[in-house]
Amino acid sequence: MIVRKQANNELLLIGQTDHSRLVGQLAAHWGNKNFAPPQPYVSMVRAATFHDYGWLRYETSPVIHPGTGEPFQFLQVPLEATQLAAYQWSLDWLAAIDRYAGLIINMHRTGLWKNRYDTIRHPSGYNLRVLSPEIGQFIQRNEAWQERERASLDSGVLWTNYKLMQVWDLLGLYFCCQDAYEDTVEPVPTSYSDQEGVRLTISPAGLDRVRFEPYPFNVHPCRVQLTCRRLAKSSFENLEAFHRAYFQAENELLRFELV
């Protein structure tokens with residue numbers, strides 16, 4: 001869960017599944033005369049839309065830090081057996097629906113512990129740093145499955161699609177984790193033969209408007225939405241109080257116009 005503390009001590013809570021659906025919108029509109037659309041289109045958009053559904057179980061019962069009473073930021077949630085099992089469930093679930101989409105999100109999940117397989121130079125954040133023996137086993141098991149699945153696929157296309165998944169994920173985090181600011185993502189593939197990629201610059205362009213240079217989407221402007229919950233305070237005396245506020249919170253829709 002993405003936790004944003006506001007100046008007035010309110011909290012904006014964005015579920016990883018909400019982030020995931022925003023990423024799916026970005027993927028669905030990716031592509032124009034300067035950027036190749038994702039191929040296979042449906043599998044890649046499906047992967048983007050559901051890549052973080054391994055957090056679905058956690059979102060039914062999020063927890064708070066015992067010392068502060070504040071909900072855990074997503075990179076701080078203890079990765080114990082229950083969460084790893086939830087990750088595995090989501091990977092297997094999507095692979096059973098769409099084998100290619102399942103492979104992309106499987107590579108995405110293990111890659112978060114491996115610096116995104118060195119495919120992204122900037123930004124370097126949002127990567128997982130701690131590898132317990134259980135996480136090591138999780139990676140080993142899933143990378144073995146990935147290797148078997150990749151045997152019959154075009155390696156160049158697949159790794160370009162993996163890179164696109166990382167770009168979309170990072171763009172989703174850009175919108176979810178803070179108000180718009182100047183940043184870059186690189187390298188960003190422009191085609192399936194582009195080995196170098198380009199630097200994508202992102203900057204505020206007015207209220208709820210964000211400028212992209214070069215512009216990668218198929219409509220102009222591109223309008224996307226993000227669901228969140230707003231809580232009146234940031235700290236809670238116990239888990240029951242937090243859950244009550246969490247479930248009673250109104251769902252809000254943040255809207256962005258990409259130009």
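I count two strands as paired if DSSP finds at least two bridges between them. The model I am reading is a predicted one.

**Entry 1: the sheet**

I traced the strand order first. The sheet is open and has seven strands, in the order β1-β2-β6-β7-β5-β4-β3. Its pairing is mixed. Which strands lie at the edges? I find β1 and β3, the latter covering residues 183-188. Each of these two pairs on one side only. From one strand to the next, the twist averages 30 degrees.

**Entry 2**

β1 takes residues 2-5 and β2 takes residues 11-14. The two are antiparallel, with four bridges between them.

**Entry 2: β4 and β5**

β4 spans residues 198-204 and β5 spans residues 209-213. I count four bridges here. Ile202 sits opposite Phe212 in β5.

**Entry 3: α1 against α2**

Two packed helices are described by the angle between their axes and the distance between the axes. I looked up both values for α1 (residues 16-28) and α2 (residues 41-50). The axes come within 6 Å and cross at roughly 155 degrees. Angles over 145 degrees count as roughly antiparallel, so α1 and α2 are roughly antiparallel to each other. Which residues make the contact? From α1 I list Ser20, Arg21, Val23, Gly24, Ala27 and Ala28. From α2 I list Tyr41, Val45, Ala48, Thr49 and Phe50. By class, I get seven nonpolar residues, three polar and one charged.

**Entry 4: Ser20**

I picked one residue of that contact. Ser20 belongs to helix α1. Is Ser20 buried or exposed? Its relative accessibility is 0%, so Ser20 counts as buried. Leaving out residues up to four places away in sequence, Ser20 touches Ala48, Thr49, Phe50, His51, Asp52 and Tyr53. I also checked the C-alpha separation between Ser20 and Leu226. These two are 206 residues apart along the chain, yet their C-alpha atoms are separated by 9.5 Å.

**Entry 5: helix α5**

I moved to α5, residues 99-111. This helix has 13 residues. From its first C-alpha to its last, α5 reaches 18 Å, close to the 18 Å expected at 1.5 Å a residue. How many of its residues are buried? I find 12 of the 13, so α5 is largely enclosed by the rest of the structure. Among the buried ones are Tyr100, Leu103, Ile104, Ile105, Met107, His108 and Arg109. What do the buried residues of α5 pack against? I find α2, α4 (81-97), α6 (133-150) and α7 (155-177).

I finished on α8, residues 239-248. This helix lies across β2 and β6 (222-231). α8 runs at about 145 degrees to β6. Within α8 I looked up His243. Its relative accessible area is 16%. Buried means under 20%, so His243 is buried. Which residues does His243 touch? Setting aside residues up to four places away in sequence, I find Ser61 and Pro62.

Methods:
Residues are numbered from 1 along each chain as its sequence is written. This is a predicted model: local features need pLDDT of at least 70, side-chain atom pairs count only at pLDDT 80 or more; totals for chains, interfaces and linings use all residues. Side-chain values use heavy atoms; hydrogens and water are left out. Axes are lines fitted to C-alpha atoms, for helices over the stretch in contact, and angles run from 0 to 180 degrees between N-to-C directions. Angles under 35 degrees count as roughly parallel, over 145 as roughly antiparallel, 65 to 115 as roughly perpendicular and the rest as oblique. Contact means heavy atoms within 4.5 Å. Ala, Val, Leu, Ile, Met, Phe, Trp, Tyr, Cys and Pro count as nonpolar, Asp, Glu, Lys and Arg as charged, and the others, Gly among them, as polar. The expected span of a helix is 1.5 Å times one less than its number of residues. Buried means under 20% relative accessible area, exposed over 50%, partly exposed in between (1.4 Å probe, protein chains only).
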